[in-house]
Amino acid sequence: MSPAGPAWPRLRVLQTLWALLVVLLAPWRLWAIKNTQECTWQVVLNNFETVGKKDASDRFVDQEPLYTVDKVFSQLVDAPVDPDEVRGLVSGKRERSWTCTPLGSGHLPTLSLQTYLGFPYYLKINYSCKGESSEALVRKGHLTGLKPVVLVTFQSPVNFHRWKIEQLQIQMEAAPFRSRERCNAEEVCLMSWYTPMPIKNGSVVMRVDVSSNGLGPFIPNKRFQVNINGFLERQRDNTLQFTVGNELFNLIPRYFVNVPSRPLWYTVDQAPVFILGGIPEEKAILLTDTNFKDFFLVELSIDSCWVGSFYCPQTSFTATIYDAIATESTLFIRQNQLIYYFTGTYTTLHESNRGSGRWVRVLANECIKKLCPVHFHSNGSEYVMALTTGKHEGYVHFGTITDGRVSFELLPRQRSVCSGILVVNCSITWAVFIAGDYNLLLLVEIEDPSTRKYFQVVSYDLVSDYLVVLYTIPEFIPDARGLEFLMVLGTESYTNFPMVPKGMSYNPYNNLLFIWGNFLLQSYNSENFIYLADFPKELSIKYLVNSFYGDTAIVTETEEIWYLLEGSYQVYKLFPSKGWQVHVSLQVMQQSSLYAPNETMVTLFYEDHRLYQLVYLIDNQQGRLVKRLVPVEQLLMYQQISNDYLLERQGSHLTLSFTNFCPFTVMRLRDLPNPQIYTRQERYRAQPPCVLEPGGFHSNNSLAVYQGLVYYLLWLHSKYDKPYADPVHDPTWRWWKNKKQDQDYYFYLASNWRSAGSVHVDMASYEKIYDLKAENELPERIFLDKGTSYRFSVFLTAREPEPVHGPSFQLQSKVGLAVVLADPECIEAVVKEKVVVNRNSVLFWVTLSDKRFCFDQGISGHHLIKTSMLLKVVGSSGHCFQNTNQGPRMWLCMENSPCHDTIPHSIFASEFFFKVLVSNRGVDKSTYCDYQLTFQLHIHGLPLSARRAFLILMVSASLFVGLVILYVISCLLSPYVVKVCNVLCWKINNIIAWESYIYSIASDTGAFSNTSGIKSGESSGGISRVVSKVAGENRTDTKETLRKKPIS
């Protein structure tokens, strides 16, 4: 029981300590934020021979399983993975090879896996932080419990007639492994983490997401593309060589400097390899299997014949590869009027070696002027279109690629497009294939002798062989008269600028069609078009880059980059722009290696909904190709800030004030349902086997066991896959059904370090996950069956307006949510609103439902109809930008800035005034005058550097802990100190009384000796005895007095 006393001082101390802890943790938070932005994961491939070797990296070429894994499993005789159990799962079946044991094919009723097999590659995982040693960081992470978690997502195959359509993932925990390099340390010098890199038949594109297990340092999640490269082959000396040509190792500047950029064409989500031509006067391409994280320059082994004739007029010959398209297993190129294709070696797709071995020329007797890509596959095939000139002008060669086999058909089948639309002379400029409708949209240029040439959009039905004119493009650009957009009805006024169409772009998810040239038209039904007036008519579009998720980037002939967001009619200029200048200045201040004064854009493309550039940089007379992110949200934010600000005078100086036009401050998604029933996602979990090693490091044998376990887990999935059945049909159940009762015995062996092979396999570590939880964002795609619905809520917090007088029980700022459906005849949306007045917020419930009558019955995953839903906050377009924990964020006073690490000289925050000079020099060339404006920028305080903040934290924490320890010690020792002081005081008083008594006795004794004449020796002896006796009596009296003193 605590002693009685006032309680409020303790509460006050606790409140003070809490406030001090908050102050001390603030600089630690700055340090943590800095670290989270500097660290990144690193992933490479290793085969069995290169595991543990420093700087070893391999390409994904081999696709055959390894039988050597079974030798390791043969040693695990007293373990739940007894090979005899595997051989007995399906008795009476003969042993089959890898090519006859498809993973995930659904064609396995007659097949069996007689041995444990392994995949040919591992994923080697490390991480690095800027300015620190990677080896030391990895050791630190291991010692603090860090284990990378790898999620591999297999892309569904194109040919669903051969392979089963499924959304399959496997989640694996990485195993630590010591490097094979010589090490003088007792425990470890170099180490990495490893997981098997699984392969699934029918998939050549794999997405690898690496995250942390939550222990150790914080490292942001990162995604990697790990694709199979079927255009490499292994030689006898174990080296790799391209089958499409010879690799060039010298990136000559003339290949890229001042060379126009070109579009990157490929089948979306299916192409494992990208190719890019356009290298002047060279029959060479850029080839990558990592989305240009790295790449190769390859000179193609083609014959480069030039066939000129009266029906194929060619003014000149060039070796340049102009058009390049990549599909799931086949590459297409155009050189002059010739078309070539090359099919890669993909046994996981074709179950046999169907590689071309050489470039195959097709349409040899045709004069091809252009290749047009088809971005999406359908009906189990991929497509490509070739536009002709000469004798077959007005026709389209429609190419179909199925399982690596290529065939072309001449369309229209009965007569040319010119005859079908009743004109004499016409030419097809562009073609778009709409797979869901089996329809071709053609951009046709018509030359009429009596009038000028004009353009039409013509529709061709592949089923009925029917041609119809959908739209005639106006001859001149409309006069928008200051409007952002204009509905083109034919009654509007026009400018004197002629419309020059050059191409089309179609998004099958939202049915949005663009026609582009020196203008931009858009339509949702291919008949009624809207003119976007923000794009300057003086410019000409070279190509469009569509993310197919609502974002579109535009590249002009002058290499400018523009941006358009679905649901908005505003077209934004990204490069060159004020926002780009601010961004580049900040990057140069941070000494970024991705920017240089002299650079040339090679191509522009989207990856995971983010826009990237491939740029050739020349820095210090050294050229290099880099892939870098185009931060669209930050550029738009910088541009908005630079345009929407006011200068207000406060006292003797000017201050900047910014206006935020976004109608809301916070947007959150809530009440999202569990995703698996809607996304059809199937996920397995696998952990490495436990190793009986003090440091927890794995060996080659334990990694081989990990390979076999993951392989067998996926094999069980392919054979016993019942994704929505009850748990007894879980694919892993048959694996452990005879071993579950012995689980405690196996754990006993592992606890006593007696497991066979020094490896313990936990049967609960290999399972199928049925209860995935929703994240704080909508899934990438959902599947709606007949009559089903998907329901979630959107929480919006309105922006606080200026204070107004009047009642405050109403929402101060109006916010509205709109839902745009691409196919309202098939899908319906219902939105319900709930106002949360006390939080100045609105909660919208959104329900998306199928209308029950748009689709026919079919096999799951076959002939899906693509559609989309767009959520739009009214008034937010162009004013609101996504804010995440990683950005947008400005750090203006970095290490190389003059204002970096400014130390305050008092307890008050320092005041800073920056003198800013704005001039028109080099910008406005319409005048000879150099106009300059100088104003002051007032900043109240600047952040300390992270290192100094950490130093302050440590010093403050040390002082604080020292004071607390001193206080605790003083509280514990105070009773003893008081007791010692009392004893000392008592002794000092006794000594003083003793000296006073001696002095008085001595005085009396001197007088007595003078009068009596007694001998001094006797007197001294007597006095001594008397004094001793008196002193003893005094002490006795004192003790008795103390004992008799009452207790108060």
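Is Val961 buried, partly exposed or exposed, and at what relative accessibility? The model to be inspected is predicted, and this tour takes that residue as its starting point.

**Helix H13.** Select residues 946-1012, which make up helix H13, and locate Val961 within this helix. Val961 counts as partly exposed because its relative accessibility is 42%, a value that lies between the 20% limit for buried and the 50% limit for exposed.

**The hairpin of S51 and S52.** Proceed to residues 827-836 for strand S51 and residues 841-850 for strand S52; the two are paired in the antiparallel sense over 10 bridges. S51 and S52 form a hairpin, with 4 residues lying between the strands. In the turn, select Asn840, whose phi is positive at about 50°.

**The four-stranded sheet.** Finally, turn to an open sheet of 4 strands, in which the pairing is antiparallel and the order is S11-S15-S14-S13. Its edges are strand S11 (245-248) and strand S13 (274-276), each of which pairs on one side only. Between neighbouring strands of this sheet, the average turn is 35°, with direction ignored. Selecting S11 together with residues 296-300, strand S15, shows an antiparallel pair joined over 4 bridges. Within this pair, Gly245 stands opposite Leu300 in S15.

Key: Residues are numbered from 1 along each chain as its sequence is written. This is a predicted model: local features need pLDDT of at least 70, side-chain atom pairs count only at pLDDT 80 or more; totals for chains, interfaces and linings use all residues. Side-chain values use heavy atoms; hydrogens and water are left out. Two strands pair if DSSP finds at least two bridges between them. Axes are lines fitted to C-alpha atoms, for helices over the stretch in contact, and angles run from 0 to 180 degrees between N-to-C directions. Buried means under 20% relative accessible area, exposed over 50%, partly exposed in between (1.4 Å probe, protein chains only).
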